[in-house]
Amino acid sequence: MLSATRLVRTLHRRRSPFIRLYRSFHSHTDPRVEKAVYVTNERGSNVIHDPLLSKGTAFTLDERERLAIRGLLPPRHQEMEKQLLRVKRNLDACPTPLSKYIYLAALHDRNETLYYKLLMKHMNELASIVYTPTVGEASQVSHAIYRRPRGMYFSTQDRGQMSAMVYNWPQDEVDVIVVTDGSRILGLGDLGANGMQIPIGKLSLYVAAGGIRPRAVLPVVLDVGTNNKELLNDPLYLGMPHPRLTGNEYYEFVDEWVTAVKSRWPDVLIQFEDFQNPHAYNLLNRYRDSITCTNDDIQSTSAVTLAGILASLKARGKTPDNLTDEKIVCVGAGTSGVGVCEGIVDCMVDQGRVKSREEAYSKIYMLDSSGLLGNPSISSDNRTAQKRDQSISEQQRPYVKRDLPDQLSLEEVVRQVKPTVLLGFTGTRGVFTEKVIREMASYNERPVIFPLSNPDSHSECTAEEAFKWTDGRVIFASGTQFDEVRLPNGRVGKTNQCNNSYTFPGVGLGVVVSKATKVTDRMFLEAGRTLAEMASESQLKQGQLFPHVDHLREVSFKIGTRVCEVAFEDGVANATLKEGELLSELVKNTAYEPQYVPLVYHPKL
């Protein structure tokens, strides 16, 4: 076999199309060549300080020589396993989740391969650090803990310049962009440019769980200002110090950014993240038919919650077809709440067990901050009823119950409706009171209670409360993971993390592999169904609805494969399959694996 250097020189001299492979950093073995390498025109300290090139102490003696870094590193070569031992030991010494987050961010900034290897090896422990709940705390203090830039910021001072700015990003191939305007970060509200930590965290899971290449992801903040007075008055705040853009000015800003991004990366998947209503729905509807895009809060959260409800049916001795027999109360009528309920309605309609979409809507009772979306004319004068009616958005209107008084409290709704499933998207701690949960437990053998707000400090109730108030009979899932609960009878109450980290990496992987031109609703419906089938019978009997977090990559591969199938079935896939090629194998073989590959210097790249 040719040496790595001779192989690349030969390919380059012959102008082989395979030289493109090496320029675009595939760290897994490619079936067309015996061993993958990466060719760079960087040498010396530039190599050491590039997080996508750096191997730390793992550079071989040959690499140190040809890359002109000999003598710039400690002399003893160490393999990745010893590096992992060092960074894990240092990480464990960090006293708080936030300090662990800062340590991992520093590792991310100096050696991405090692960062992702560590994250994948300790996914159960570190997913809660790089994403919820710790990412919420990190976002709140992002301006205070800022060290190095990551991703791109497009601000109000950049209007008219975005088409040029996108070429400042060094990578010519970008597969996934996660973008936020910082207006609704988790359950924490408007955090402005501090919201950058969310796209960074999401993309870490895209890589670690979904196998997207680190070089092919881009976190973005659209800094349209902030209405957070505390940040505006903080001299350390790094975002634009003015109120948020509104109206046409806001949408023109986003239009310019989308146009700029698509002009450079026409096939990129854009994931809108943590946009407040009505912008979240408006942007999704504005672009979904013209570009490859998704809204994580509306669609991914919908898929994972649907999966949890379908799995809970099996845990209660029923089948997924019994979904239409459920009575569902959703507390929270914002982006996530409405998005989740639309996904449930989609599933009911697809099952064919309801006569119309309106019948499916009748199974769901939605409450906003004022109470039930009901009929204002039953309990209010005309003026008040008209004002209330005008406050209900287009997305919320199908859930209005004309046969019930408007603004009924949660306690009264539960008493009258007798729901089997209770969902929470309020971002408010304690909304699921003892009275509410005990009422549900009085007529449900196994009440299904999902407080889904993030972070855990904003959860509608804790796992301990839910198990205590249902005498241990609850089927419980939350947005942020809670510890298992020790019950008085010696049993253990199993908790579930109903977090969209189970769905979006797989959906993204399937979209990228299939080269889908559009993200369809059916992709998310099938993602939810696929996830719902992955818990074993023994797990379901114990109240476990999802596979363990350590199996996120396996989950992503299965969802990714199904999404690929849907893309081809729906006619939106542009990928070309070889004869006899299995989609499941294509998905696995495409996924990034964090391992060091030989580095070769070539000055004329």
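This briefing walks through an annotated region, a core, a surface patch and some backbone details. The model is predicted. An unreviewed UniProt entry assigns residues 108–288 the annotation "domain: Malic enzyme N-terminal". That span is 44% helix and 11% strand, and its end C-alpha atoms lie 32 Å apart.

**The core**
- Begin inside, with the largest nonpolar core, which has 148 residues.
- Phe154, Ile177, Trp257 and Ile344 have the most contacts within this core.
- Helix H16 (residues 296–315) gives the most to it, with ten residues.
- Both domain 1 (98–291) and domain 2 (299–377 + 392–511 + 521–562) supply at least three residues each to this core.

- Tyr146, Tyr153 and Leu238 make a nonpolar surface patch of about 310 Å².
- Tyrosine 153 belongs to strand S2 (residues 152–155), and it counts as partly exposed because its relative accessibility is 35%.

**Cis peptide bonds**
- Asparagine 277 and proline 278 are joined by a cis peptide bond, with omega near 5°; proline 278 sits in the loop between strand S5 (269–272) and helix H15 (279–287).
- The bond between asparagine 454 and proline 455 is also cis, with omega about -10°; look for proline 455 in the loop between strand S13 (448–451) and helix H23 (463–469).

**Positive phi angles**
- Leucine 186 is not a glycine, yet has a positive phi of about 50°. This leucine 186 lies in the loop between strand S3 (176–180) and helix H12 (197–208) and is buried, at 11% relative accessible area.
- Aspartate 274, in the loop between S5 and H15, has a positive phi of about 55°. Aspartate 274 is buried, with a relative accessible area of 2%.

Conventions
Residues numbered from 1 in each chain as written. Predicted model: local features only at pLDDT ≥ 70, side-chain atom pairs only at ≥ 80, totals over all residues. Heavy atoms only, no water. UniProt positions renumbered as here; feature names shortened; annotations may be inferred. Helix = DSSP H or I, 4+ residues; strand = E, 2+ residues; numbered from the N terminus. Patch = residues over 30% accessible without salt bridge, like charges linked within 9 Å, V, L, I, M, F, W, Y side chains within 5 Å. Areas by Shrake-Rupley, 256 points an atom, 1.4 Å probe, with all protein chains shown as cover. Salt bridge = Lys/Arg side-chain N within 4 Å of Asp/Glu carboxyl O. Buried < 20%, exposed > 50% of the residue type's maximum accessible area, 1.4 Å probe, protein only. Core = buried A, V, L, I, M, F, W, Y, C linked by side-chain atoms within 4.5 Å. Domains from an automatic or database assignment.
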